[in-house]
Amino acid sequence: TIAIGGEYGEIQLVDSATAKLKFEMLHPGVPKLDPDQPLSAINWTASVWFSPDGKRLASSCGLTPVAIWDLETRKVIHTLQQASVGYNLAFSPDGSRLVGIGVEGKIGPTRITLWDTQTGKVLSTCTTDQIETKNSEKLFSTNGLKIAFTCQQAGKRFFYILDTVSGEQKLKLELSSYQHAYLSPDGLRSL
């Protein structure tokens, strides 16, 4: 199955073998389209991401909260707080966590949010001027127990490691402009 995030919060699921539309959904909370009234300068294109088991789909759109869908029932099972514009989403390898990178408010700083997908609760947030890792999928260690990212805050670069179970910050390391840091796939070492 292929998930397609479309304009005005439209989400389509397409059969990957036949390219036929299986069904459509609408991200909750997106204003109805009035051809005579543009919605605003906000990007209302839905962003979508499958859970590792393929049974759930996370979606975000505009200023609305992130939604987690049960694809069998086609219903939203969690509405996650901390709405941001343009979330780039990814599930942890076991599907128990969801990380999102988005803009705080309409034009604010970048925010990384970590949610528990079973309860919908925010585990951790980190606000930064700019994040260098744009692909949320690459933030997780392969065991899903940590996320790591490099960002800029107040003109300085920092490498962060967050524990995905507790949401606690495990490391904040200042880097020079020419240094790069990486977390090992097992989440045990950083370079």
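**Exercise 1. In the hairpin that E2 and E3 form, how many residues lie between the strands, and which residue in the turn has a positive phi?**

Solution. In this predicted model, the hairpin of E2 and E3 has six residues between its strands, and Ala19, which sits in the turn, has a positive phi of about 65°.

**Exercise 2. Which residue takes a positive phi in the hairpin of E1 and E2, and over how many bridges do E1 and E2 pair?**

Solution. Four residues lie between E1 and E2, and Tyr8 takes a positive phi near 55° in this hairpin. The two strands, of which E2 covers residues 10-14, pair in the antiparallel sense over four bridges, with Gly5 standing opposite Ile11 in E2.

**Exercise 3. In what order do the three strands of the open sheet stand, and why is one side of E1 and of E3 left without a neighbour in the sheet?**

Solution. The order is E1-E2-E3, with antiparallel pairing, and the sheet is open. Strand E1 (2-5) and strand E3 (21-26) stand at the edges and have a single partner strand each, so one side of each remains without a neighbour in the sheet. As for the geometry, neighbouring strands of this sheet are turned against each other by 20° on average when direction is ignored.

**Exercise 4. Describe the pairing of E10 with E11, and then state where Thr117 is found and whether Thr117 is buried or exposed.**

Solution. Begin with the strands: E10 (residues 110-116) and E11 (residues 122-128) pair in the antiparallel sense over six bridges, and Arg111 stands opposite Thr127 in E11. The hairpin has five residues between these strands, and Gly120 there takes a positive phi near 80°.

Thr117 is found in the loop between E10 and E11. Thr117 counts as buried because its relative accessibility is 2%, which falls under the 20% cut-off.

**Exercise 5. Which residues does Thr117 touch beyond four places in sequence, and what does the side chain of Thr117 reach at 2.7 Å?**

Solution. Leaving out residues up to four places away in sequence, Thr117 touches Arg56, Ile68, His78, Phe91, Gly95, Ser96, Arg97 and Leu98. Two of these names return when polar atoms are considered: the side chain of Thr117 makes a polar contact with the side chain of Arg56 at 3.3 Å, and the Thr117 side chain also reaches the backbone oxygen of Gly95 at 2.7 Å. For a distance across the sequence, Thr117 and Ser51 are 66 residues apart in the chain, while their C-alpha atoms are 9.9 Å apart in space.

**Exercise 6. Is Leu145 buried, exposed or partly exposed, and which residues does Leu145 touch beyond four places in sequence?**

Solution. Leu145 lies in the loop between strand E12 (130-131) and E13. Its relative accessible area is 42%, so Leu145 is partly exposed. Once residues up to four places away in sequence are set aside, Leu145 touches Leu162, Asp163, Thr164 and Val165. Leu145 and Ser166 are 21 residues apart in sequence, and the distance between their C-alpha atoms is 9.4 Å.

**Exercise 7. Where is Arg157 found, and which backbone oxygen does the side chain of Arg157 reach?**

Solution. Arg157 is found in strand E14 (residues 156-163). Because the relative accessible area of Arg157 is 10%, this residue is buried. The Arg157 side chain reaches the backbone oxygen of Ser176 at 2.5 Å.

**Exercise 8. Which members of the largest nonpolar core touch the most other members, and which elements give two or more residues to this core?**

Solution. In soluble globular proteins, nonpolar side chains tend to be buried together. The largest nonpolar core here has 14 residues, of which Val99, Ile112, Leu139, Phe140, Ile147, Phe149 and Tyr160 touch the most other members. The elements that give two or more residues to this core are strand E9 (97-104), E10, strand E13 (146-153) and E14. Another core, of ten residues, lies apart from it and includes Leu13, Met25, Ala46 and Val48.

**Exercise 9. How many helices and strands does the protein have, and what percentage of its residues count as buried?**

Solution. The protein has zero helices and 15 strands, and 43% of its 191 residues count as buried. Among contacts with a separation of 6 or more, 38% come from residues 24 or more positions apart. The accessible surface comes to about 10,200 Å², and 51% of this area belongs to carbon and sulfur atoms.

How values were computed
Residues numbered from 1 in each chain as written. Predicted model: local features only at pLDDT ≥ 70, side-chain atom pairs only at ≥ 80, totals over all residues. Heavy atoms only, no water. Buried < 20%, exposed > 50% of the residue type's maximum accessible area, 1.4 Å probe, protein only. Polar contact = N/O pair within 3.5 Å; in protein donor to acceptor, adjacent residues only side chain to side chain. Pairing = 2+ DSSP bridges. Core = buried A, V, L, I, M, F, W, Y, C linked by side-chain atoms within 4.5 Å. Contact = heavy atoms within 4.5 Å. Areas by Shrake-Rupley, 256 points an atom, 1.4 Å probe, with all protein chains shown as cover. Axes fitted to C-alpha atoms, helices over the stretch in contact; angles between N-to-C directions.
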